[in-house]
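I opened this notebook to record what I looked up in one model, topic by topic.

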Amino acid sequence: MTDTNIHKGLAGVMVDTTRISKVNPDTNSLLYRGYPVQELAAKCSFEEVAYLLWNGELPTDEQLAEFVEGERSQRALTPELKAVIDALPVTCHPMDVCRTAVSVLGAQHPQADESSVLANMQKSVSLFAAMPAVVAYDQRRRRGEDLVEPRDDLDYSSNFLWMTFGEEAAPEVVEAFNVSMILYAEHSFNASTFTGRVITSTLSDLHSAVTGAVGALKGPLHGGANEAVMHTFEEITTSAGEGDVAEHAAGWLDAALADKKKIMGFGHRVYKNGDSRVPTMKASLDKMVKHYDRADLGELYTALESAMGERKNILPNLDYPAGPVYHLMGFDTPTFTPLFVAARITGWTAHIMEQLEANSLIRPLSAYDGPEERHLA
Ligand SMILES: CC(=O)SCCNC(=O)CCNC(=O)[C@H](O)C(C)(C)COP(=O)(O)OP(=O)(O)OC[C@H]1O[C@@H](n2cnc3c(N)ncnc32)[C@H](O)[C@@H]1OP(=O)(O)O
Ligand SMILES: O=C([O-])CC(=O)C(=O)O
């Protein structure tokens, strides 16, 4: 029998079980494999969290050493992938470069169509290792700068910043970057992860599923919002006339809401009383504001957040503090969502492997409301 209850956007629909993360809007908490994300962000490297997401347990010292060695050995761009990136116009969005890069890495992979647990784990680690070079090089080439080769004496976050900027980042910057990667790593059945699971459910390969997930993340209602937040800040700053920052932010917001615009970086499908990750990311933003001596950006952040709270009672999501953090670090605004990709590769691939453990083709129903049956004359 056809279920005529329509669940637009699948809102509130429980689609499957997962052991990877628990998003609890009642307690505003997020657990990765049982651990609160705040504890992981305070005490772990992103490499340890990636291992946890894939394997279900944090690594021992020996397991971590082996994992890190594998990751560091696969950091460099292959000449073929570099040539493909160079062939893409610098006018295309960096997310198009990420999507293409994942596809190329899949096509190059010796076990492209092999979906055993071992092959998928190897592919996941390779993608995790390779994405920073893609993101870093793409930003550099758009600035007319040369490729910076990876260094295997640096951890994931330090090396990412090294490859992007060609200099070693300050420890507090590395720390804030590491925290952002951990917070962005995983979030249950969000739109991009679900896309990856849908593709996997057809028994397609891991790179195809990740390619689709990158496409889903690009949209401004999902990962693209971190970039959009920075555009909002720029608009408020450039349109500022008389008055203080609170008035500018409120004036901009009133006009945007009057135009029925969605305010990027605010609201969430699951959290209605605040995103569990925001306080941790905001603490990193405060540190970066101090480090770069940019109190003005901190004030703008607070002004828009307060104005949105007063008018709509809608709270920020993770993209709201993450955008200005990446801006202060020196990333170009269109590079922000690719940074999210680099982090979410971990969650996506963990879900792809989980989907395959107990697969069922994902194929919901639709209620037809087109013309009644009719016939050609
Ligand atoms: C890491 C992430 O991906 S987090 C999400 C990042 N995305 C964004 O920041 C984009 C901006 N936010 C939004 O568009 C939404 O809040 C979403 C898409 C994230 C969640 O949307 P939904 O769960 O579908 O909520 P929905 O869109 O139905 O919103 C409910 C009400 O709040 C309003 N609302 C929700 N978010 C916003 C917002 N950011 N700006 C203005 N109004 C908003 C809606 O207009 C709607 O109002 P109405 O009932 O008067 O029509
Ligand atoms: O869970 C969601 O819908 C979006 C989100 O916050 C994420 O993917 O991190």
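The entries below follow the order in which I looked things up.

**Entry 1, conventions.** I am working with a predicted model, in which local features need pLDDT of at least 70 and side-chain atom pairs count only at pLDDT 80 or more, while totals for chains, interfaces and linings use all residues. Residues are numbered from 1 along each chain as its sequence is written, chains are lettered from A and ligands numbered from 1 in the order in which they are written, and side-chain values use heavy atoms, with hydrogens and water left out.

I found one cavity of 30 Å³ or more, and the space in the largest cavity comes to about 50 Å³.

Which residues line the largest cavity? I listed P94, C98, V135, D138, Q139, R142, T335 and P338 (lining residues have an atom within 4 Å of a point). Helices here are DSSP runs of H or I with at least four residues, and strands are runs of E with at least two, numbered from the N terminus. By that count α5 (94-108) and α6 (117-142) each supply at least two residues of this lining, and α6 gives the most, with four residues. I sorted the lining into four nonpolar, two polar and two charged residues.

**Entry 3, sheet.** I then traced an open sheet of three strands in the order β1-β2-β3, with antiparallel pairing (two strands pair if DSSP finds at least two bridges between them). β1 (21-24) and β3 (35-36) stand at the edges with a single partner strand each, so one side of each is left without a neighbour in the sheet. Two bridges join β2 (residues 29-32) to β3, and I noted Y35 in β3 as the bridge partner of Y32.

**Entry 4, ligand 2.** Around ligand 2 I listed H187, N190, H222, H268, R277 and R344, each with a heavy atom within 4 Å of it. This shell divides into no nonpolar, four polar and two charged residues.

For polar contacts (pairs of N or O atoms within 3.5 Å), I noted a polar side-chain atom of H187 at 2.7 Å from an oxygen atom of ligand 2. A side-chain N or O atom of H268 lies 2.7 Å from an oxygen atom of the ligand, and for R344 I also read 2.7 Å between a side-chain N or O atom and a ligand oxygen. The protein covers 84% of the 270 Å² of accessible area that ligand 2 has on its own (Shrake-Rupley method, 1.4 Å probe).

Note on methods: On a 1 Å grid over the protein atoms alone, a cavity is a set of points where a 1.4 Å probe fits but cannot get out, and a pocket is an open set with protein on both sides within 12 Å along at least five of seven lines; lining residues have an atom within 4 Å of a point. Grid points are joined across faces, edges and corners, and a volume is the space filled by probe spheres set on the points. Ala, Val, Leu, Ile, Met, Phe, Trp, Tyr, Cys and Pro count as nonpolar, Asp, Glu, Lys and Arg as charged, and the others, Gly among them, as polar. A polar contact is a pair of N or O atoms within 3.5 Å; within protein, one must be able to donate a hydrogen and the other to accept it, and residues adjacent in sequence count only if both atoms are side-chain atoms.
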